[in-house]
Amino acid sequence: CDYCPYKAYYGFLRKRSSDSVIKELEYLKNKFNIKAVQFRDPIFTADKNRVLDIAQKIIERKMNIEWGCETHLSYLDKDLIDVLYKSGLRAMGVGIESADINVLENVHRSSACLDMQKEMIKYCHKKGINISTFYILGLPKDTKQGIENTIKYAQKLNTLVAQFMICTPFPGT
């Protein structure tokens, strides 16, 4: 996305192995008796095989933890959500940014279609996964009507959290 401050995702992406992640979770569980963890990765489910491996290992080791992540709705499907829920997924943050597809295309944001967004969020609600959605108001070519439509769309999605931010250009974005 043209507006994104996460420079790590422009080109090179370093991913830890699923074994490394599980080893750290086991350490935290054994040393500090953690009950929950948040994966701070804006596209945690982008590598479906890796995230499935992490989830399966959490299940196999009976780690009994709850966890949350951030991702993009286009990297989800019902089967994946089912496995992640079984492993302890209880919260997810997703970027919607705008309900106006033209505004998103203008800033090179690939977005899941609105119907798919609604379907995945509804399915997560049904499973008991709390969803936080993130919106950016005032992206280039956004209009007052577009902003109002985005707010109405957020209300329709009815997620636990709807976070609205004003588009703020960062150097290099």
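## Salt bridges in the model

A salt bridge is a side-chain nitrogen of Lys or Arg within 4 Å of a carboxyl oxygen of Asp or Glu. In this predicted model, Lys-57 and Asp-19 form such a pair, with 2.3 Å between their closest N and O atoms. The pair ties together parts that are 38 residues apart in sequence, because Lys-57 lies in helix H2 (residues 48-60) and Asp-19 in helix H1 (residues 18-32). Lys-57 has a relative accessible area of 13% and is therefore buried, as the cut-off for that class is under 20%.

Asp-19 and Lys-57 also belong to a network of salt bridges, in which they are linked with Asp-53. Over the whole structure, a search finds 9 salt bridges. Side chains of opposite charge can pair when their charged atoms come close.

## Two further pairs

Which helices does the salt bridge between Asp-82 and Lys-127 tie together? The closest N and O atoms of Asp-82 and Lys-127 are 3.2 Å apart.

Another salt bridge brings together the side chains of Arg-16 and Glu-24, at 2.7 Å from N to O. Arg-16 counts as partly exposed, with a relative accessibility of 35%. Glu-24 is also partly exposed, and its value is 37%.

## A parallel strand pair

Strand E4 (residues 130-137) and strand E5 (residues 161-166) run parallel and are joined by 6 bridges. Where in E5 is the bridge partner of Ile-136? The partner is Met-165.

## Confidence

The average pLDDT of the protein is 91, and 91% of the residues score at least 70. Where is confidence highest, and where is it lowest? The highest value belongs to helix H3 (residues 78-87), at a mean of 98, and the lowest to helix H4 (residues 101-106), at 88.

Where pLDDT is low, the predicted coordinates should not be read in detail.

Note on methods. Residues are numbered from 1 along each chain as its sequence is written. This is a predicted model: local features need pLDDT of at least 70, side-chain atom pairs count only at pLDDT 80 or more; totals for chains, interfaces and linings use all residues. Side-chain values use heavy atoms; hydrogens and water are left out. pLDDT is the predictor's confidence in each residue, from 0 to 100. Helices (H or I, at least four residues) and strands (E, at least two) are DSSP runs, numbered from the N terminus. Buried means under 20% relative accessible area, exposed over 50%, partly exposed in between (1.4 Å probe, protein chains only). Two strands pair if DSSP finds at least two bridges between them.
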